[in-house]
Amino acid sequence: MGSELQFYCEDCELNFESEPDGTGYEQAPCPSCGDVCMTVAFHEEERHRSRADRAAFVGAVSPIVFTGYGFLVPLFCLACVVVTEITAEGITKDDEYYQMHAWPLAFAMACAGTLCLVTGKRLAERFEQADDQTGNEETEDDETGDDETRDEEASVPDTFFSVEMPYWGPILFVVALVSLFSRGL
Ligand SMILES: [Zn+2]
């Protein structure tokens, strides 16, 4: 009886104690449905592994989607679209106005583009300041240990799908024009 293990049947969602079925693997038939089941420890390990895989996937993909403050680009777009839609429908008292006219979306994209341009340029200025600081520090003394890590953080560009934030300004202006002309006023 010393060799009894905790097993788990996924189909029956049932924990049970049993001896391994003698195949050499840590598996045993479910007392309820008869299917071959793996140990509780195996299922836990499986869960840990899939969670680790997911974390690794997110870690690998998120720098492709955005770096630095690049996540602000879609947020600006969403915020501008929502504000424009609410405003347009508030002014016209027409719930369908936004859907029926092209210019509010074009206006929202142009606003988001302006925000990307202005904010992107502002954020990029912090690199120049960081460069100035390191320039001064190098002439004053040679304490670099902490500065190097700070510079690395500061020099991550703010990108969304590999495009730096200020360039999203003209891109969104083009999107605004295209949406205007493709749907008509
Ligand atoms: Zn079962």
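Leaving aside its neighbours within four places in sequence, which residues is A112 in contact with? The close-ups below start there. This is a predicted model, in which local features need pLDDT of at least 70, side-chain atom pairs count only at pLDDT 80 or more, and totals for chains, interfaces and linings use all residues. Residues are numbered from 1 along each chain as its sequence is written.

**View 1. A112 and its contacts in the chain.** Setting aside neighbours within four places in sequence, A112 is in contact with F76, C77, C80 and L172. Two residues are in contact if their C-beta atoms, placed from the backbone, lie within 7 Å.

**View 2. The largest nonpolar core.** This core has 18 residues, and those with the most contacts inside it are V73, F76, M109, A112, C116 and L172. The elements giving two or more residues to this core are α2 (72-92), α4 (103-140) and α6 (168-183). Of these, α4 gives the most, with 8 residues. A nonpolar core is a set of buried Ala, Val, Leu, Ile, Met, Phe, Trp, Tyr and Cys residues joined through C-beta atoms within 7 Å. A residue is buried if 20 or more other C-beta atoms lie within 10 Å of its own, exposed if 12 or fewer, and partly exposed in between, with C-beta atoms placed from the backbone. Helices (H or I, at least four residues) and strands (E, at least two) are DSSP runs, numbered from the N terminus.

View 3. Residues 40-65 make up helix α1, which has 26 residues and reaches 37 Å from its first C-alpha to its last. That is close to the 38 Å expected at 1.5 Å a residue, where the expected span is 1.5 Å times one less than the number of residues. The count of buried residues in α1 is 0.

**View 4. Strand β4 and its partners.** Strand β1 (residues 5-9) pairs with β4 (residues 36-39) in the antiparallel sense over 2 bridges; strands pair if DSSP finds at least two bridges between them. Strand β3 (residues 27-29) also pairs with β4 in the antiparallel sense, over 3 bridges. In the hairpin of β3 and β4, with 6 residues between the strands, G34 takes a positive phi near 85 degrees.

**View 5. S3, before β1.** Look for S3 in the segment before β1. S3 counts as exposed because it has 7 C-beta neighbours inside 10 Å. Leaving aside neighbours within four places in sequence, S3 is in contact with E19 and P20.
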